[in-house]
Amino acid sequence: MEIVTVGLDHRKAPMEVREKAAFTVRSLAQVTEQLKARGISEVVVLSTCNRSEIYAASEDAEAAIEALKAYYVDYKTPEIAPYLYAYDGRDAVWHLFRVVAGLDSMILGEDQILGQSKDALANAEKVHGAGKFLTKAFREAITFSKKIKTVYKISETPLSLSSTAVKHVKRLFPDDYQNKKVLIIGSGKMGTLALQYMDAEGFKDVTMTNRTYHPPVDYQKTYHGDVKVVPYPERYRIVPEMDVIIAATASPHTILKQADFPALTKPLLLIDLALPRDIDPKLGEMDGVTLLTIDDFNHIIDETKAYRERVAQKIAVAVEDAVDEMMEWLKKSKVDGMVGDLNRKAARRSEETIEILNKRYHFEGKDYAFLKKIVHSEFRKMVMPTVKKLKALEDDKSIKQAKKAYGILLETEDDA
């Protein structure tokens, strides 16, 4: 089985393309079913603000990559095609480890991708997309990421788009940021993180709204002041009161539209942390409105970037060793199917032999137990030399040749 990935990310694909390539959790069952119909054995979708990637396990890496590329074009839009990248084998595993560790993120070393990777695996398991190979790869990448965050103390300065956005607001209003009126739209992970960082930075006037209503008491563990809460349908009513609005929902549609936007009496900073975007881009053209999106934060000054770049160089070396270990496991696993099949055949033939002998000689008690022990042992001995040779295979070429020979043997048995 080969691991491959096809996708696009913030490095090359602009936001308007990335949002067209995004997947929702509700679509994963259908995505998995459609890809399996194209010959893919296992599927995990990792869809975030900055990337859309499909990881797959398949017997034929080349065919799997072509199937994934075609899927993006057929079910999303042909506009995506020029931005797609593809990796297979070690390169795919190496890419996964770097992504989960935050080395491929817009904000180097950010924390949120680790949780998003866990969610991607969990969601894939729910829809029966992740199997033995992708589950192993993702779990190893997640474990590695947790380890390096502990070793290199990156977790002591947690990073995410939410934290960067909040720090940017603080930089824009250095004298009175604490008293700026802030509206956070969205109570998911991004919105909750934004509220958490608002609390840590000392913002005193924060309002929350979400499509699903949450009373103020629900935010007490995140924010130690008094959070104001307004019903979602009233969000436009309070817009003129705000200095800053941070939108971070999982909505597939725009939630702040120019056509419904009220007149303003003071400058307003809009920060859109969602993909697909929450805020109508036309609002950025209004007088007195500044609109920032996730791509803008790639250019905003980050005071810890130099430190994290130094740490990333050390982590990159550790990635190589972790990937080598994963590839060794994958290599050994490639013969597991043949080994398992041989053992099952040996067990089945031994049971058939025992049944034939017992019908003729009517063994009972200790004699029957001895017969089973001897026959099972002899059949295991028959397949053991082949099993040992399969497990000793060192390179992909030899494994492929063995699989081909084994396939021919099975066809011969069927004909017989």
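**Briefing: salt bridges, cores and cavities**

The side chains of D9 and R51 form a salt bridge, with an N to O distance of 3.8 Å; the term denotes a side-chain nitrogen of Lys or Arg within 4 Å of a carboxyl oxygen of Asp or Glu. D9 belongs to strand β1 (residues 2-9) and R51 to strand β3, so the pair ties together parts that are 42 residues apart in sequence. The model is predicted: local features need pLDDT of at least 70 and side-chain atom pairs count only at pLDDT 80 or more, while totals for chains, interfaces and linings use all residues. Residues are numbered from 1 along each chain as its sequence is written, and side-chain values use heavy atoms, with hydrogens and water left out.

**Salt bridges**

- The count of salt bridges comes to 25.
- R51 also meets E53 in a salt bridge (3.0 Å, N to O), and D9, R51 and E53 are linked in a network of such bridges.
- D9 is buried, with a relative accessible area of 5%, and R51 is buried at 3%; buried means under 20% relative accessible area, exposed over 50% and partly exposed in between, with a 1.4 Å probe and protein chains only.
- E53 is buried, as is R51.
- Another salt bridge joins the side chains of R237 and E234 (2.8 Å, N to O); E234 is partly exposed, at 33% relative accessibility.

**Nonpolar cores**

- The largest nonpolar core has 37 residues, and those with the most contacts inside it are V44, Y55, F97 and F144; such a core is a set of buried Ala, Val, Leu, Ile, Met, Phe, Trp, Tyr and Cys residues joined through side-chain atoms within 4.5 Å.
- At least two residues of this core come from each of β2 (42-47), β3 (51-58), α4 (90-100), α5 (112-126), α6 (132-151) and α10 (305-333); helices (H or I, at least four residues) and strands (E, at least two) are DSSP runs numbered from the N terminus.
- Apart from this core lies another, of 33 residues, including I184, F203, L273 and I294.

**Cavities**

- The structure holds five cavities of 30 Å³ or more; a cavity is a set of points, on a 1 Å grid over the protein atoms alone, where a 1.4 Å probe fits but cannot get out, and lining residues have an atom within 4 Å of a point.
- The largest cavity has about 140 Å³ of space, a volume being the space filled by probe spheres set on the points.
- Of the 14 residues lining the largest cavity, T48, N50, E110, Q116 and L161 are the closest to its centre.
- Helix α5 gives the most to this lining, with three residues.

Conventions:
1 Å grid on protein atoms, 1.4 Å probe; cavity = no way out; pocket = protein on both sides within 12 Å on 5 of 7 lines; lining within 4 Å.
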